[in-house]
There are 2 protein chains.
Amino acid sequence: MSRTPAPPASAQNGARALVRTLAAGGVELCLANPGTSEMHFVAALDREPRLRAVLGLFEGVVSGAADGYARMAEKPAVGLFHLGPGFANAIANLHNARRAASPVLAVIGDHATHHQPWDAPLSSDIDGLAGAVSHWVGRCRSPDELAVMGARALTAAQEPPGQIASLIVPADTAWRAAAHAPQRVARPRPQKVAGARVRTAAERLRKGKAALLLRGKVLQAEGLELAGRIATATECRLLVDTFAPRLERGAGRVRVERLPYFPEQLAESLQSVQQLILVGGTEPVAFFAYPNLPSSPLAEGCELVRLAHASEDGVGALRDLAAQLRAPRAPAPAHYARHEPLPKASGALTAEACAPALVRHLPEGAIVSDEAATSGLGIGMALERARPHDHLSLTGGAIGQGLPLATGAALACPQRKVLCLHGDGGAMYTLQSLWTQAREQLDVTTVIFSNRAYAILSIEMHRTGEAGGAKAASLFDLANPALRWTQLAEGMGVAASRAETAEEFDAQLAAALRTRGPHLIEAVLPGGVRRPN
Amino acid sequence: MSRTPAPPASAQNGARALVRTLAAGGVELCLANPGTSEMHFVAALDREPRLRAVLGLFEGVVSGAADGYARMAEKPAVGLFHLGPGFANAIANLHNARRAASPVLAVIGDHATHHQPWDAPLSSDIDGLAGAVSHWVGRCRSPDELAVMGARALTAAQEPPGQIASLIVPADTAWRAAAHAPQRVARPRPQKVAGARVRTAAERLRKGKAALLLRGKVLQAEGLELAGRIATATECRLLVDTFAPRLERGAGRVRVERLPYFPEQLAESLQSVQQLILVGGTEPVAFFAYPNLPSSPLAEGCELVRLAHASEDGVGALRDLAAQLRAPRAPAPAHYARHEPLPKASGALTAEACAPALVRHLPEGAIVSDEAATSGLGIGMALERARPHDHLSLTGGAIGQGLPLATGAALACPQRKVLCLHGDGGAMYTLQSLWTQAREQLDVTTVIFSNRAYAILSIEMHRTGEAGGAKAASLFDLANPALRWTQLAEGMGVAASRAETAEEFDAQLAAALRTRGPHLIEAVLPGGVRRPN
């Protein structure tokens with residue numbers, strides 16, 4: 001190592017031009033797990049005070065946190081990844097971010113241009129990997145391109161409603177001299193919805209048996225109020241997808257009905273709907289296919305009307321629709337959720353027995369990252385009675401999103417308490433998130449629902465009509481050995497406790513939610529997988 | 001959940017035809033992390049006694065273990081993955097497996113064919129993801145295709161020297177009735193090397209200043225003996241890549257020189273070589289590019305000769321070459337490594353101080369999974385003096401391979417002790433492997449070299465010529481908070497201990513290596529990243 005190359009650090013190189021462009025474009029956070037090919041980008045971060053750098057010990061943490069940050073900050077963070085394999089580790093949570101329509105800018109280091117033909121061990125098909133999950137992919141071919149391409153990538157990420165933009169940066173384009181001044185970044189705005197579509201929606205609503213299916217920005221304050229006014233005027237139902245990226249919910253907010261997960265229940269819940277108005281989302285569909293069940297849960301003869309595409313201004317469209325319908329100035333009081341504590345639970349802990357404590361102790365303005373899976377079905381409904389909060393879901397079905405999402409949300413909103421509700425199976429995917437929470441002293445309370453099983457799979461195996469033998473059971477079972485979440489958390493520097501009764505859970509949750517900083521509660525539920533003989 | 005679809009389980013469906021075909025083709029192990037779309041495959045596993053099922057709590061564990069299994073068993077395991085995101089999590093270690101030329105058969109569940117146009121939340125570009133890392137990709141379009149495509153995939157995986165074959169199985173093709181009997185699976189053999197190439201290699205060797213660069217099967221018993229005989233006859237050097245997939249090494253084996261990692265040292269080590277004979281590998285290249293350094297480390301005028309491609313019979317070629325050269329019946333004694341214990345270390349633990357204990361206690365026939373990164377540079381060399389063992393390297397540079405690789409090697413060779421040497425940064429990527437080791441009671445001793453840093457990046461930042469400020473330091477530093485590996489291991493059911501002195505390390509290692517079952521030693525080294533003011 002005595003003969004290091006040590007070239008003089010040039011006054012302005014591609015990496016610095018890129019980082020300055022991103023900072024000038026409003027980026028404030030770089031979530032990162034860099035490697036050798038990203039060293040010049042890292043050095044450039046060091047010279048840019050407007051950008052904070054946060055390390056994740058696995059790229060799925062980085063991409064999931066970028067999603068959580070984007071959902072709450074409503075702007076992109078940069079995720080910094082090390083070549084193809086580093087980016088590959090980020091893909092599952094980028095898939096979730098894509099399904100959440102979160103803006104994310106992935107910067108992917110690559111080998112220097114002249115090194116690429118040599119097929120060194122870390123070479124791989126980065127373009128192919130990035131193309132499979134991104135809305136926009138760019139590859140820099142010279143140092144002067146970095147600022148230009150960076151500006152384009154940032155614009156692409158912010159294309160409404162939010163996109164995955166991946167910028168591939170060969171090491172030499174980062175380290176070579178670049179003349180470019182920071183580029184201005186255009187930030188596209190959502191388009192206005194045409195009046196004809198508003199009028200059509202109004203007509204359909206007047207027919208009755210109608211529902212608005214809401215997604216995106218309309219699930220926040222003004223959008224919900226508008227939806228409540230429209231529901232008051234027309235008696236339409238207000239629906240939200242099972243897995244909405246972000247929903248403002250709880251006491252004082254207009255209530256929306258969350259569509260159920262299983263397709264039979266989903267179809268049942270939509271049976272009476274003859275006019276389904278899409279506001280920012282897409283047609284409902286079964287999460288999985290099953291033999292002899294249709295993919296669409298819509299009732300026969302149900303008509304679909306699109307009021308607003310995801311890329312359009314849904315809130316503006318609801319405003320126009322409310323005016324068109326001469327809706328009252330405020331929703332009827334019955335549309336609002338109220339803070340209604342549930343009777344205290346006692347005795348052995350179950351998922352249901354967690355609900356009263358959660359409803360009672362969740363502080364106003366909390367952010368709930370919900371990947372509670374089977375344990376969360378009842379809790380999700382109960383939390384409508386809690387104080388007002390934001391609810392973030394697992395949007396793309398790729399498990400292992402909840403912990404990083406909470407991490408990113410806490411980075412975006414340091415003044416708000418974040419509560420992460422997580423199944424044990426999914427939490428193992430990206431448990432490294434806890435370390436970042438400890439390092440950054442993020443204000444996150446994590447509840448691990450430990451049922452020591454991929455419980456959903458036992459249900460799904462039953463649904464196939466197959467008996468499921470010992471091998472199947474072994475693939476769903478996390479009980480042998482049981483994960484000890486308190487040790488896992490403490491091993492990463494996060495204080496932890498273990499609750500086996502409703503009383504213990506109540507006390508631990510109350511304490512964690514009133515104390516600043518990360519804490520994990522292992523909620524020990526009945527569970528495990530029945531093993532056949 | 002009352003109205004489950006519960007179709008009658010058909011006597012023979014696509015999934016069962018596939019699983020029977022794989023079993024008939026010699027597959028004995030399915031490493032899995034399944035989901036809803038793979039339930040029929042799981043049910044089929046239950047009816048096939050020839051296939052063992054092992055659960056990994058993250059897909060990077062599954063793919064890395066499949067690699068480890070393949071390197072030792074010399075045949076593929078099946079990795080079972082849940083749609084695009086599940087497969088995406090496997091890609092980094094499939095990249096390593098690809099670089100190791102390990103045969104791996106990935107079975108990827110997809111939505112039912114009729115469900116795909118609906119773009120349900122878990123839909124993604126599986127073909128794109130699979131294509132980016134696989135040598136062979138197939139998609140089943142009907143249930144009768146499953147056995148046929150499964151046989152083709154298994155053949156493709158075993159195409160010499162070993163390939164990544166990915167088979168995409170839509171759920172309906174698995175659950176629908178299928179008539180096909182199990183398909184016979186062709187197993188391709190490596191091709192013989194033409195005599196002309198052997199004669200050319202012999203001529204070049206006679207010129208002097210020659211070296212054989214060995215890779216693949218030639219790094220095992222007979223190949224090494226042949227190489228030793230050729231070296232005895234011609235005084236050529238015997239070289240091995242820095243990161244060879246599998247190398248038989250230690251006392252009684254013919255010694256080969258491991259090429260250094262950093263490009264300056266690599267060039268220096270090759271400076272005297274004027275004839276480089278490639279046996280199963282490719283031309284050496286710098287791992288990363290740097291400003292003002294060439295990608296190729298070869299000396300000026302060095303001639304390259306390819307004796308055997310990776311897909312060809314390298315051992316046979318060496319046999320012919322030895323005959324051509326009239327090499328002696330056995331290598332000269334100086335070519336053999338000997339068991340030479342190092343003087344015992346004492347006092348505060350360092351990476352170097354671990355070496356004597358490793359050399360002394362490593363049992364004959366052990367398998368070493370080595371992702372020790374910066375801590376392993378000296379240890380790797382020292383282990384030449386240990387009892388004979390197999391050495392497995394991180395082949396593709398995607399960190400987080402060592403723990404799963406050890407897991408897979410232990411599944412392949414239950415009678416052999418596996419020793420995993422791992423840096424702390426990389427180990428965090430796939431720490432879930434420890435749970436599988438505990439569940440399956442695998443005979444793996446893991447040493448985590450805890451220097452609380454991505455130490456390589458501090459070195460690389462220095463090499464860029466950049467100073468590196470506080471943010472850079474924070475991205476390389478794992479000290480705040482320090483990971484407590486004993487707790488992480490115990491949280492997953494693996495017994496663990498912590499060594500801070502050479503004496504403690506020696507005692508703990510001796511105990512772990514003589515006790516059956518998983519154990520983790522946290523070797524606390526000096527370390528951390530110097531933070532600038």
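Visitor: Quick one to start: which residue stands opposite L212(B) in β8(B)?
Guide: In β8(B), L238(B) stands opposite L212(B). One caution: this is a predicted model, where local features need pLDDT of at least 70, side-chain atom pairs count only at pLDDT 80 or more, and totals for chains, interfaces and linings use all residues. As for the labels, residues are numbered from 1 along each chain as its sequence is written, while chains are lettered from A and ligands numbered from 1 in the order in which they are written.

Visitor: And how many bridges are there between β7(B) and β8 of chain B?
Guide: Four bridges, in the parallel sense, with β8 covering residues 237–240. Strands here are DSSP runs of E, at least two residues long, and helices are runs of H or I, at least four, both numbered from the N terminus. Two strands count as paired if DSSP finds at least two bridges between them.

Visitor: What else does β7(B) pair with?
Guide: With strand β11 (residues 275–279) of chain B, over five bridges and again parallel.

Visitor: Is β7 of chain B mostly covered or mostly open?
Guide: Mostly covered: five of its five residues, 210–214, are buried. Buried means 20 or more other C-beta atoms lie within 10 Å of the residue's own, exposed means 12 or fewer, and partly exposed is in between, with C-beta atoms placed from the backbone.

Visitor: Which residues point which way from β7(B)?
Guide: A210(B), L212(B) and L214(B) go one way, A211(B) and L213(B) go the other, and all are buried. In a regular strand, side chains alternate between the two faces of the sheet.

Visitor: Over to chain A. How many helices and strands are there in its secondary structure?
Guide: Chain A has 20 helices and 18 strands. Its radius of gyration is 24 Å, close to the 24 Å that the globule rule gives for 533 residues, so chain A is as compact as a globular protein of that length. That radius is taken over C-alpha atoms, and the rule is 2.2 Å times the number of residues to the power 0.38. Of the 533 residues in chain A, 65% are buried.

Visitor: What's the order of strands in the five-strand sheet of chain A?
Guide: β10-β8-β7-β11-β12, an open sheet with parallel pairing. β10 (257–258) and β12 (303–308) of chain A sit at the edges with a single partner strand each, so one side of each is left without a neighbour in the sheet. β8(A) and β10(A) run parallel and share two bridges, and V240(A) has R258(A) as its bridge partner in β10(A).

Visitor: Which strands does helix α8 of chain A lie across?
Guide: Helix α8 (residues 195–207) lies across β7, β11 and β12 of chain A, at about 140 degrees to β12(A). Angles run from 0 to 180 degrees between N-to-C directions, using lines fitted to C-alpha atoms, for helices over the stretch in contact. Contact means the C-beta atoms of two residues, placed from the backbone, lie within 7 Å. Helix α11 (residues 314–324) of chain A packs on the sheet too, touching β11 and β12, and makes about 110 degrees with β12(A).

Visitor: And what order do the strands take in the six-strand sheet of chain A?
Guide: β2-β1-β3-β4-β6-β5, open and parallel. Its edge strands are β2 (52–55) and β5 (136–139) of chain A, each pairing on one side only. From one strand to the next, the twist averages 20 degrees. β5(A) is joined to β6 (residues 164–170) of chain A by four bridges, and W136(A) has A165(A) as its bridge partner in β6(A).

Visitor: New topic: where is L154(A) found?
Guide: In helix α6 (residues 145–157) of chain A. With 26 C-beta neighbours inside 10 Å, L154(A) counts as buried. Leaving aside neighbours within four places in sequence, its contacts include L22(A), P76(A) and V185(A).

Visitor: Last one: how many residues of chain A are in contact with chain B?
Guide: 96 residues of chain A, meeting 95 residues of chain B. Helix α4 (residues 83–99) of chain A gives the largest share of chain A's side, eight residues.
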